[in-house]
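Here are my notes on this one, jotted down as I went through it. Have the viewer open while you read.

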Amino acid sequence: MRSVCLFILSSVTTAVTLAATGVPIQGFRAGTVKFFPSAGKQAICVNGIVPVSVSSKNVILDLASPTTQFNATAIFQELFQAGSTIAQRAQLGERLVQATYGIGGNLCFPRNRTLIDAIKTIQILTHGVGLEKSYWDIAPGYSYVDSAAIAGYATFAYDRLGVGQSDHPDPIQEVQAFLEVEILHGLAQLFRTKKLGGRNFTNIIGVGHSFGSILQVGANRKYPRDFDGVVLTAFTATITNLPYTILANNPSIAALNQPDRFGKLLYGYLVHNDAIAIQEPFFRYPYFDPAGKYMFVKDATTLA
């Protein structure tokens, strides 16, 4: 009897929460949904896992997962040494990857419920390397989600494949840029067809940061009708400084760097070594808050 009462109470609470927020949960996997306010409380959000089915032509890489940190560091040394051919030698052909992945995401609407049904534009936010979706809504006064909500936009910030709440498949043969472009395309299509968010969005804007901007450009080129507009940040048309940026990250095997968080990940998953490795490519002192949460929040990326 007690179990039945708890179930009824839980069901009523969920229904009240849905009614109170007005935020749609269509497209999220059952049992994964939770509601929360944005950092500055300008938006009400729903977090959960979104199944995204993709088909991608990935590269078969002749590259073994590192077995030690010495081995991982050596791979980057060879990659960026003068005259390196490892990128060419490692490519053995193509393979078709067809799968459905769980993608963690935050769907946010302005807190004024009367505006929710009137919103016709959503921004899909794609993050860069080494961090996860939370930096779009990191703290009051430092929240893109809050700013977008004040301007009347809905947002969907998601963890790229292999990051945060999203699935963590093979970090070398599966988690590649080609497949990540397909996931971005899949998300756009879910919004276009009202299968995610349950709203008829007239406009979909793609917003990328750093590597997320690169993925956005890839999606624009392959699927030019997916997005009605794009915003590219921390983006450049030249890769001259890319080796310096990656080496500044001091890539470390995630499972060894933070075993309490990443101990179950394969060794092909990497993280920024420490706060210095986050500051080096991203923040110029004294023009940032050293106590900011963003200096201490990191997540995995992959060797591929």
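The points below go through the sheets, the helices packed on one of them, and the aromatic pairs.

1. Before anything else, bear in mind that this is a predicted model.

2. Start with the seven-stranded sheet. It is open, its pairing is mixed, and the strand order reads β1-β2-β3-β5-β4-β6-β7. The edges are β1 (34-37) and β7 (229-233); each has a single partner strand, so one side of each is left without a neighbour in the sheet. From one strand to the next, the twist averages 30°.

3. β7 pairs with β6 (residues 203-209) in the parallel sense, over five bridges.

4. Helix α6 (residues 177-192) touches β2 (43-61), β3 (91-110), β4 (121-126), β5 (154-158) and β6, and its direction makes about 135° with that of β2. Helix α7 (residues 211-222) touches β4, β6 and β7, with its direction at about 140° to that of β6.

5. How far does α6 reach from its first C-alpha to its last? With 16 residues, α6 reaches 23 Å, close to the 22 Å expected at 1.5 Å a residue. Just after the helix, Lys194 takes a positive phi of about 65°.

6. Why call α6 largely enclosed by the rest of the structure? Because 12 of its 16 residues are buried. Among them are Leu179, Val181, Ile183, Leu184, Leu187 and Phe191, but also Glu182 and His185. The buried residues of α6 pack against β2, β3, β4, β5, β6 and also α7.

7. Glu180 deserves a click of its own. This residue is in helix α6, and at 6% relative accessibility it falls under the 20% cut-off, so it counts as buried. Leaving aside residues up to four places away in sequence, Glu180 touches Arg160, Leu161, Val175, Phe211 and Leu215.

8. There is also a three-stranded open sheet, antiparallel, in the order β8-β9-β10. Here β8 (252-253) and β10 (301-302) are the edges; each has a single partner strand, so one side of each lacks a neighbour in the sheet. β8 and β9 (residues 269-271) pair in the antiparallel sense over two bridges, and the bridge partner of Ile253 in β9 is Leu270.

9. On to the rings: the count comes to nine aromatic pairs. One of them is Trp136 with Tyr144, edge-to-face, at 5.5 Å centre to centre and 75° between the planes. Trp136 is buried at 6% relative accessibility, whereas Tyr144 is partly exposed at 31%.

10. Are the rings of Phe282 and Phe283 stacked or edge-to-face? Their planes are at 70°, over the 60 degrees needed, so the pair is edge-to-face, with centres 6.4 Å apart. That distance lies within the 6.5 Å limit for a pair. Phe282 is partly exposed at 32% relative accessibility, and Phe283 is partly exposed too, at 23%.

11. Last one: ring pairs link Phe109, Phe156, Tyr158, Phe191 and Phe201 into a cluster. Phe191 is one of the buried residues of α6, which gives you a way to get from the helix to this cluster in the viewer.

Terms used:
Residues numbered from 1 in each chain as written. Predicted model: local features only at pLDDT ≥ 70, side-chain atom pairs only at ≥ 80, totals over all residues. Heavy atoms only, no water. Pairing = 2+ DSSP bridges. Helix = DSSP H or I, 4+ residues; strand = E, 2+ residues; numbered from the N terminus. Phe/Tyr/Trp six-rings, centres within 6.5 Å; stacked < 30°, edge-to-face > 60°. Buried < 20%, exposed > 50% of the residue type's maximum accessible area, 1.4 Å probe, protein only. Axes fitted to C-alpha atoms, helices over the stretch in contact; angles between N-to-C directions. Contact = heavy atoms within 4.5 Å. Expected span 1.5 Å × (residues − 1).
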